[in-house]
2 protein chains.
Amino acid sequence: MFEAIATDRNARVGKLYLPYGIVNTPVFMPVGTQATVKGMSSEELKEIGAEIILANTYHIFLRPGIDVIKSAGGLHRFMNWDRPILTDSGGFQVMSLSKIRKITEEGVSFQSHISGERLFLSPETVIEINQDIGIDIIMPLDHCIPYPSSYEETLQAMERTLRWAERSKKYKEYHPSGSKLFGIIQGGTFPDLRRQSALRTVSMEFDGYAIGGLSVGEPQQIMYENLEVVMNILPKDKPRYFMGLGDPINLLEGIERGVDMFDCVFPTRIGRKGAAFTHSGRINLRSAKYSIDFTPIDNECDCYVCKNYSRAYIRHLIKSKETLGMRLVTYHNLYFLLKLMKEAHLAIIQQRFSDFKERFKNRYLQNKRGKG
Amino acid sequence: MFEAIATDRNARVGKLYLPYGIVNTPVFMPVGTQATVKGMSSEELKEIGAEIILANTYHIFLRPGIDVIKSAGGLHRFMNWDRPILTDSGGFQVMSLSKIRKITEEGVSFQSHISGERLFLSPETVIEINQDIGIDIIMPLDHCIPYPSSYEETLQAMERTLRWAERSKKYKEYHPSGSKLFGIIQGGTFPDLRRQSALRTVSMEFDGYAIGGLSVGEPQQIMYENLEVVMNILPKDKPRYFMGLGDPINLLEGIERGVDMFDCVFPTRIGRKGAAFTHSGRINLRSAKYSIDFTPIDNECDCYVCKNYSRAYIRHLIKSKETLGMRLVTYHNLYFLLKLMKEAHLAIIQQRFSDFKERFKNRYLQNKRGKG
């Protein structure tokens with residue numbers, strides 16, 4: 001399923017072979033929680049070069065419901081997206097969205113935050129649902145905990161995640177399909193738990209490995225420390241996915257440590273509020289200083305937004321709560337990250353990734369330093 | 001500025017020659033109140049064949065302000081739209097949006113519904129502002145009144161509108177520009193006032209004539225009666241614009257009576273709520289009956305939305321409050337009206353407009369009748 005094409009120290013360029021197509025890594029996956037990447041059409045996602053997107057089992061399970069998507073002939077057809085889709089299991093959403101929830105060894109029962117209905121997800125139903133709707137990469141149900149959590153809580157959640165991973169794997173063996181199944185490494189911010197979780201998850205032999213439960217509020221140094229513990233254990237012939245990372249610098253740091261896949265709502269969420277990535281750092285277009293700035297969001301960007309629209313116009317749209325404003329910044333931010341991934345590919349192939357990262361980082365952080 | 005190419009009884013096909021290009025009539029103008037057609041990019045507007053759009057003097061005067069648009073090099077450059085723009089004067093918005101307003105002979109003073117600031121618009125400033133930002137067709141400031149209004153109130157508002165029209169014309173003569181200036185016919189629902197208003201406005205010799213103050217809640221029969229009174233007076237060599245009409249049947253009825261131009265927020269506003277035009281009538285995609293309907297909004301439509309997305313998916317998006325849903329229905333509704341205008345062109349040229357209108361109307365209203 002995965003092939004490494006080139007490496008530069010730990011950074012690597014590879015290919016993922018999936019039912020709906022080939023994905024070039026390192027890859028950033030735009031998040032389409034409710035079967036739509038907020039503000040983007042499928043055609044626009046292709047235009048910016050998205051090769052794989054994310055959807056969320058929890059959300060689509062609640063609305064429109066799996067039956068609707070099955071009737072459509074699967075999620076790809078339902079949302080008019082013919083490239084790969086990865087679904088997050090919903091463990092995180094159960095924790096963060098449903099007010100009433102009960103986690104037992106069997107699975108999670110919770111109240112729909114939409115209909116109030118009582119629902120249940122087990123490791124087995126998560127695989128079943130996702131196979132039914134033709135998902136390319138399935139994330140098994142995991143037990144997510146907030147940051148900070150105690151060692152004991154973290155250990156318990158990790159153990160449960162391991163048991164659920166085992167059940168997910170078994171269910172899939174009895175119900176084979178083209179869908180790929182990843183294992184999720186938990187263990188919070190405790191390096192020894194991370195190590196244990198990684199070793200035991202790897203021993204189950206999944207199609208790929210995800211790092212969950214990081215980038216949830218812990219200091220960056222702790223995040224990287226725990227990431228490195230895990231990366232040293234993960235096998236080189238399988239893809240590695242850091243869940244929930246979307247800041248340009250974080251992506252480059254992740255790539256440098258050997259991560260192949262990323263996702264995050266960050267670029268789309270901040271975009272809707274008018275915050276945009278540029279090569280010289282993040283800017284917020286709501287600021288009065290852009291009111292008569294008729295330059296593009298980023299002078300060096302060649303996306304459709306930067307070719308056609310000015311900061312002043314986008315600021316006007318955002319201030320006026322016009323959806324076109326959110327759309328334009330979302331488009332630019334995703335384009336920016338996807339382009340960054342392409343530049344990272346090239347830098348790895350040309351064995352100059354570390355230099356590329358440093359240059360990008362220096363310029364990106366220059367404004368912050370200027371202010372400091 | 002206007003040339004009639006073909007006529008079929010009162011219906012006509014023509015061309016408007018404007019600073020930013022040629023517009024084929026009959027034309028429906030999508031409304032871009034705040035310098036953006038809600039949910040549509042300029043590229044999409046071109047894609048659906050929009051030749052002219054509307055903006056609103058009142059709204060852009062308040063936000064982002066005329067200075068910002070002037071600095072951008074005009075409204076076309078500000079919003080990245082290189083085809084003609086018509087601006088409504090804002091008389092209607094002053095009436096409907098500002099809580100505190102005072103109408104004197106000099107003009108209207110009102111409180112911004114955004115900043116609370118006290119502002120003033122006179123017939124002269126409306127022309128000045130619009131010329132400053134390079135508008136193709138300017139609507140002069142008029143005194144709008146609600147429906148119903150008494151004969152006396154309607155007469156007073158009509159007289160003031162005529163005096164303001166005179167001042168607008170004079171100001172423009174002293175400050176010539178490529179912008180075209182229309183006269184607005186008022187007179188409420190009183191045919192004799194409509195006649196007077198039309199005769200006296202026409203005698204001032206504007207570049208075109210608009211019918212204002214109709215389609216504001218009066219019965220359809222009264223609307224058409226008053227429209228016909230005016231149409232009999234308007235000169236054949238000038239364009240005729242019915243302000244605020246956007247229902248497919250109304251457009252065809254208007255064309256049959258000799259109207260060349262239309263605008264309305266109707267297709268975009270109902271689109272954001274999930275209501276879509278189809279050849280067999282209007283449907284509301286929020287309805288549960290579309291939840292597993294994987295056909296396009298309109299089987300006979302060849303727009304990008306109907307080619308790529310299903311009713312069930314769009315319903316899911318609208319129910320989930322995802323902006324893509326509003327966008328897709330908006331796109332389809334505008335495409336539908338613009339296509340209808342193209343079909344009307346052809347029918348007029350082929351001298352079968354009346355037949356075309358009847359056929360369209362019968363199918364469009366069939367569901368309604370079925371229910372009744």
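Two residues are in contact here if their C-beta atoms, placed from the backbone, lie within 7 Å. This is a predicted model, where local features need pLDDT of at least 70, side-chain atom pairs count only at pLDDT 80 or more, and totals for chains, interfaces and linings use all residues. Residues are numbered from 1 along each chain as its sequence is written, while chains are lettered from A and ligands numbered from 1 in the order in which they are written.

**View 1. Where chain B meets chain A.** The contact draws 28 residues from chain B and 28 residues from chain A. On the chain B side, the elements giving two or more residues are α3 (66–72), α4 (75–79), α13 (311–319) and α14 (323–349). Top contributor is α13(B), with 5 residues. Helices (H or I, at least four residues) and strands (E, at least two) are DSSP runs, numbered from the N terminus. By type, the chain B side splits into 13 nonpolar, 11 polar and 4 charged residues; Ala, Val, Leu, Ile, Met, Phe, Trp, Tyr, Cys and Pro count as nonpolar, Asp, Glu, Lys and Arg as charged, and the others, Gly among them, as polar.

**View 2. Chain A as a whole.** Chain A holds 15 helices and 16 strands. Its C-alpha atoms fill a box of roughly 60 × 45 × 40 Å along the principal axes. Of its 372 residues, 52% are buried, meaning 20 or more other C-beta atoms lie within 10 Å of the residue's own, with C-beta atoms placed from the backbone.

**View 3. The β1-β2-β3 sheet of chain A.** Here 3 strands make an open antiparallel sheet in the order β1-β2-β3; strands pair if DSSP finds at least two bridges between them. At the edges sit β1 (2–8) and β3 (21–25) of chain A, each pairing on one side only. β1(A) and β2(A) (residues 11–18) share 6 bridges, and A:Ala6 has A:Val13 in β2(A) as its bridge partner. Helix α14 (residues 323–349) of chain A packs on the sheet, touching β1, β2 and β3, and its direction makes about 120 degrees with that of β2(A). Such angles run from 0 to 180 degrees between N-to-C directions, with axes fitted to C-alpha atoms, for helices over the stretch in contact.

**View 4. Two hairpins in chain B.** β1(B) (residues 2–8) joins β2(B) through 6 bridges, running antiparallel. Their hairpin leaves 2 residues between them, and B:Arg9 in the turn has a positive phi of about 55 degrees. B:Asp8 has B:Ala11 as its bridge partner in β2(B). On to the next pair: β2(B) and β3(B) (residues 21–25) are linked by 5 bridges, also antiparallel, and B:Lys15 stands opposite B:Asn24.

Methods:
Buried ≥ 20, exposed ≤ 12 C-beta atoms within 10 Å, placed from the backbone.
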